[in-house]
Amino acid sequence: MLFDPKPKERREDLFDRDDELSKLRLGLNYPITLLLGIRRSGKSSLIKVLMNEEKNNDIWLYIDLRKYEGHAYLTYRHLISEFERALNTWPEWLKKLLHGIRGISISSPGIEVRLSWGKNRVELADLFDKLSEISERESKRVIIVFDESQELRKLKGYNILYPLAYAYDNLKLHFLLTGSQIGMVYRFLRLNDPDSPLFGRAMYEVFIKPFTREQAIEFLKAGFREVGLSVSNEYLEDAYNNLGGIPGWLTFYGFNYLQSGNHYESIRRTLEYAIDLIKQEFENFLKNREEARERYYTLMMICSHGCRWSDAKRYLEAKEGVRIDDKKITELLQNLVDSSFLMKENDIYKPSDPLIAKAFETDLTK
Ligand SMILES: Nc1ncnc2c1ncn2[C@@H]1O[C@H](COP(=O)(O)OP(=O)(O)OP(=O)(O)O)[C@@H](O)[C@H]1O
Ligand SMILES: [Mg+2]
């Protein structure tokens, strides 16, 4: 069902993403593919549909890092427990093939894979070696997905770029990295930094954009048609005007309409839900940035309808009554852009989603 609010798993529930799916499929021939798109644009859905369609050809490991968004940092233990969870979704015969790696135990009956992170900890490079061996043996690709890969930036005391670079150069493994905070994914990979293990490595990039006005309206029409409802064009236009083209918000609106049968009520509920969620995500963004909390809120407010760098500087300085270093202003704005709360278009900083604009329209720091 198109209006199902969970990530989609079947192609017939995924509206108009055939191009992106083909690109993603092509990308699987490269060692690392990036799937980038702002929040709720449909990245997880795209991956789940692809996994479903390729489940007989490929062996998948899906690592969901979304839950760490609110964490100030991640440890090796967190990472290993995510691998453990993903490996345990494999069928028994496949799990048995993991025998013989230091730090991995396989208990039967039921075949449970345990990965140790203590003294005798499993090393990712060893696990990757084994997975590559399994890929050759089974003549299937092994694809490791890091959903919301920018969270790996927060790993403390462990640099995952080394095993990734090792796998890139030597193994038969494929990695699919998604990111809602697009600039943060690049900051994590440091492809242009000569000191980075992944320096200079090419990656295949797929971008997923919000729906255009036409796509959004077609999507809503198709969703209503599917359940035998016909909703007036005026309402569909109004839904786009209020919510924009992010598939996640449109889905939530459709889902609510099916329950309430009332357009205005559904718009109201969607706005309320979206604004709450955006604010919560902004609080997550502030987790390691408490000292600049007020400045970030002020910047989001000033830029909610578009602003220039000079507007940001003038307003912040007037508000605080002190001079602020130019570099500091640039850094604050860049962090907001890299986390995809703002985007920059021809020198204008503006929210990357109209509902982000709505969430920050009034000055929340007062
Ligand atoms: N092309 C599409 N057709 C139908 N529904 C979609 C489509 N894209 C996204 N959705 C719906 O939008 C919502 C968000 O999708 P999904 O979780 O896949 O996006 P995401 O980019 O992974 O989001 P997040 O950044 O929150 O992880 C879900 O309810 C999903 O069902
Ligand atoms: Mg997702």
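This is a predicted model: local features need pLDDT of at least 70, side-chain atom pairs count only at pLDDT 80 or more; totals for chains, interfaces and linings use all residues.
Mentor: Local features here need pLDDT of at least 70 and side-chain atom pairs count only at pLDDT 80 or more, while totals for chains, interfaces and linings use all residues. Residues are numbered from 1 along each chain as its sequence is written, and chains are lettered from A and ligands numbered from 1 in the order in which they are written.

Trainee: Why is strand β1 called largely enclosed?

Mentor: A strand is a DSSP run of E with at least two residues, and a helix one of H or I with at least four, numbered from the N terminus. A residue is buried if 20 or more other C-beta atoms, placed from the backbone, lie within 10 Å of its own, exposed if 12 or fewer, and partly exposed in between. Five of the five residues of β1 (residues 32-36) are buried, so the strand is largely enclosed by the rest of the structure.

Trainee: Which residues of β1 point one way, and which the other?

Mentor: I32, L34 and L36 point one way, T33 and L35 the other way. In a regular strand, side chains alternate between the two faces of the sheet.

Trainee: What makes β6 (residues 173-179) a partner of β1?

Mentor: Two strands pair if DSSP finds at least two bridges between them. β1 and β6 have five, in the parallel sense, and L36 stands opposite G179.

Trainee: How do you know where ligand 1 lies relative to the two domains?

Mentor: Domain bounds come from an automatic or database domain assignment. Domain 1 (17-207) and domain 2 (213-280) both give residues to the shell around ligand 1, so the ligand lies between them. α2 (43-53) and α10 (247-260) each supply at least two residues of that shell.
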